[in-house]
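I opened my notebook to record what I looked up. The entries below are in the order I made them.

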Amino acid sequence: MDGFARLGTHLLPPVAWTLLTPIAVVLAATSDLVWPSLLTLAGSALVTLAMGWVTEHGFGFRISPHTSPESGAVTVLALTFGPVMLLGGLLVAWGCWARVRLREDTLAEATAGVLVGILVGGLGWIGLVFFLFS
């Protein structure tokens, strides 16, 4: 069981981003959203990591740097391209379980990472919509 958890925590983030970026490019190419969606994905990842750093150093509470960017990316993709992208939530759940199982994050840290990712991804998507239609 620990081998499956290690796979989830060490291999999942780079594989998820390797899969999410081409999916965003291919789907966005059909709707002229290539650059805005990639910028939103990258921006949400950077903002979630920055928020994690600020909360850890400013407030002493650590937000998981593994769960926040992935959940933000899944949120952006689901809002942009439809609910089928919510299947990426399974990868996020696997990553959360793995981080907690291996005691690399507490349940609170992993959950906070997911919530921050959803918040930032949603705000990033709202920013994308505002940018495109203003």
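How many residues does H3 have, and what does H3 reach from its first C-alpha to its last? I found 15 residues and a reach of 21 Å, close to the 21 Å expected at 1.5 Å a residue. The expected span is 1.5 Å times one less than the number of residues. Helices here are DSSP runs (H or I, at least four residues), numbered from the N terminus.

I noted that this is a predicted model, in which local features need pLDDT of at least 70 and side-chain atom pairs count only at pLDDT 80 or more, while totals for chains, interfaces and linings use all residues. Residues are numbered from 1 along each chain as its sequence is written, and side-chain values use heavy atoms, with hydrogens and water left out.

**Entry: H3 itself.** I looked up how covered H3 is, and 14 of its 15 residues are buried. Buried means under 20% relative accessible area, exposed over 50%, and partly exposed in between (1.4 Å probe, protein chains only). Glycine 82 follows H3, and its phi is positive, near 110°.

**Entry: H3 with H4.** I found that H3 and H4 pack at an angle of about 170°, with axes 9 Å apart. Axes are lines fitted to C-alpha atoms, for helices over the stretch in contact, and angles run from 0 to 180 degrees between N-to-C directions. H3 and H4 are therefore roughly antiparallel to each other (an angle over 145 degrees). From H3, Thr67, Glu70, Ser71 and Val74 make the contact, and from H4, Gly88, Gly89, Val92, Gly95 and Cys96. Contact means heavy atoms within 4.5 Å. By class I noted three nonpolar, five polar and one charged residues in the contact of H3 with H4. Ala, Val, Leu, Ile, Met, Phe, Trp, Tyr, Cys and Pro count as nonpolar, Asp, Glu, Lys and Arg as charged, and the others, Gly among them, as polar.

**Entry: H3 with H5.** Helix H3 (residues 67-81) and H5 pack at an angle of about 35°, and their axes are 7 Å apart. The contact includes Ser71, Gly72 and Val76 of H3, and Gly113, Gly117 and Gly121 of H5. I noted seven nonpolar, 10 polar and one charged residues in the contact of H3 with H5. I also looked up glycine 124, which is found in H5. Glycine 124 counts as partly exposed, at 23% relative accessibility.

**Entry: H5 itself.** The 27 residues of H5 should span 39 Å at 1.5 Å a residue, and the end C-alpha atoms are 39 Å apart, which agrees. Among the buried residues of H5 I listed Glu109, Ala112, Val116 and Leu128.

**Entry: H4 with H5.** Helix H4 (residues 88-101) and helix H5 (residues 107-133) pack at an angle of about 155°, with axes 9 Å apart. That makes H4 roughly antiparallel to H5. Val92, Cys96 and Val100 in H4 meet Leu107, Ala110 and Val114 in H5. By class, the contact of H4 with H5 has six nonpolar, no polar and no charged residues.

**Entry: the loop.** Where is arginine 103 placed? I found arginine 103 in the loop between H4 and H5. Its phi is near 60°, a positive value in a residue other than glycine. Most residues other than glycine have a negative phi. Arginine 103 is exposed, with a relative accessible area of 77%.

Terms used. Helices (H or I, at least four residues) and strands (E, at least two) are DSSP runs, numbered from the N terminus. Angles under 35 degrees count as roughly parallel, over 145 as roughly antiparallel, 65 to 115 as roughly perpendicular and the rest as oblique.
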